[in-house]
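This report describes the secondary structure, sheets and nonpolar cores of a single protein model. The sequence and coordinates are shown first.

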Amino acid sequence: MSFAVRNTIVLAILLVLVLIFGGYWTSIRQPNKIRLIEEEIKKVDTELLNSPDLLQQYNVVQTELEALEARWSQRTKDIPVEDVTSQTNAYLNGVLFSSGRVKADVQFVGTKQEQRFGWNTYSLKGEGPFYGIYRFIWSLENGRRLFKLSKLILRQAISRDPEYDQPYPVVEYDIEMKAYFTPLTELSSSIAWRDTSIVDLGHNPFWPLIRPDVPPNVEGLVEVDKAELKAIIPGKAFVSDHKGKVWELSVGDRVYMGYLSKISLEESKVEFVINRGGISETVVLKVRYRQSPNEGKK
């Protein structure tokens, strides 16, 4: 085989390989990369369209972060040289007094000593209204003394305390608290101490949605279960209570544990929505027509 023929064959083989690789690259590999790039562009466009919402969320989170940092910067603590049980009990009594009707049983558990600090462990058990316990725990964590709550158990309960007029939902708590001390005297008193205000909660998670009892009728409203519908006119209903008093009611007027929701002149009836301690129901009253003496006689 001549040199020219051999070179021609090699060049032909190289050309075939280039055509195969080029066809794969332009027909398969490049379209896939273009498709992936287009999908990324669509995602970026979607995120750009949502940027006002993301900016608003960022501003909200930034505001909350600044508030938390401001509160954290005010958590200046005093760590005494030693923790005296009687002094700690006096401190806890002051916190309890400012928290409201919170009861506590405080017991000393033991002492743990490390190289440059130590702590006394106390067991706190009791009960009280949720917001009182919330203020109590807040004061322990944000007060002047350095305490750490290593265990916190909260349970819903019903108080039988004679101080309450009737059984009342309370929260039982079980707290393990560590009171720290250190031989470093410069930490025993903080000159830069600033009081922190308690952040109010809008909801009591331990308040039952369905109450075991219903509130008394202190306002003297109409008790629908003991009432009778006397008459109906357009937009008005006349209801007689168990004492014989006649009430003139319109849609939306309040009754005991509910309100008047509907007046049906055609059916001579009215409907009330009643909330019985968390369970809502509809109560219907109808006009009771008296039978005439001659009715039913042939």
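## Ser264 and the basis of the model

Leaving aside residues up to four places away in sequence, Ser264 touches Ile232 and Lys269; contact means heavy atoms within 4.5 Å. Ser264 belongs to strand E9 (residues 258-264). Helices (H or I, at least four residues) and strands (E, at least two) are DSSP runs, numbered from the N terminus. Ser264 is buried, with a relative accessible area of 7%; buried means under 20% relative accessible area, exposed over 50%, and partly exposed in between (1.4 Å probe, protein chains only).

The model is predicted: local features need pLDDT of at least 70 and side-chain atom pairs count only at pLDDT 80 or more, whereas totals for chains, interfaces and linings use all residues. Residues are numbered from 1 along each chain as its sequence is written, and side-chain values use heavy atoms, with hydrogens and water left out.

## The four-stranded sheet

An open sheet of 4 strands has the order E1-E2-E4-E3, with antiparallel pairing; two strands pair if DSSP finds at least two bridges between them. Strand E1 (103-113) and strand E3 (147-159) are at the edges, each with a single partner strand, so one side of each has no neighbour in the sheet. On average, neighbouring strands of this sheet are turned by 15 degrees against each other, direction ignored. Axes are lines fitted to C-alpha atoms, for helices over the stretch in contact, and angles run from 0 to 180 degrees between N-to-C directions.

E3 is paired in the antiparallel sense with strand E4 (residues 168-181) over 12 bridges. Opposite Ala157 stands Val170 in E4.

## Helices across the sheet

Two helices are described against these strands. Helix H3 (residues 85-99) lies across E1, strand E2 (118-128), E3 and E4, and runs at about 145 degrees to E1. Helix H4 (residues 130-142) lies across E2, E3 and E4, at about 10 degrees to E4.

The 15 residues of H3 should span 21 Å at 1.5 Å a residue, and the end C-alpha atoms are 21 Å apart, which agrees; the expected span is 1.5 Å times one less than the number of residues. Thr88, Leu92, Val95, Leu96 and Ser99 are the buried residues of H3. Seen down the helix axis, these buried residues fall within an arc of 100 degrees, so they line one face of H3; the arc is that of the directions from the helix axis to the C-beta atoms. Their cover includes E1, E2, H4, E3 and E4. Ser86, Gln87, Phe97 and Ser98, on the other side of H3, are exposed.

## The three-stranded sheet

A further open sheet has 3 strands in the order E5-E6-E7, again with antiparallel pairing. E5 and E7 are the edge strands, each pairing on one side only. Here neighbouring strands are turned by 20 degrees against each other on average, direction ignored.

Strand E5 (residues 228-233) and strand E6 (residues 236-240) are joined by 5 antiparallel bridges, with Leu229 opposite Val239 in E6. These two strands form a hairpin with 2 residues between them, and Gly235 in the turn has a positive phi of about 80 degrees. E6 also pairs with strand E7 (residues 246-249), in the antiparallel sense over 4 bridges. In E7, Trp247 is the bridge partner of Val239, and Val246 is that of Ser240. The hairpin of E6 and E7 has 5 residues between the strands, and Gly244 takes a positive phi near 90 degrees.

## Nonpolar cores

A nonpolar core is a set of buried Ala, Val, Leu, Ile, Met, Phe, Trp, Tyr and Cys residues joined through side-chain atoms within 4.5 Å. The largest has 20 residues, of which Leu229, Val239, Val270, Phe272 and Leu285 touch the most other members. At least two residues of this core come from each of E5, E6, E9, strand E10 (269-276) and strand E11 (279-286). E10 supplies the largest share, 3 residues.

Not counting residues up to four places away in sequence, Val270 touches Leu229, Ile232, Ala237, Leu260, Lys262, Ile263, Val283, Val284 and Leu285. Another core, of 18 residues, lies apart from the largest one and includes Tyr122, Ile133, Phe136 and Phe206.
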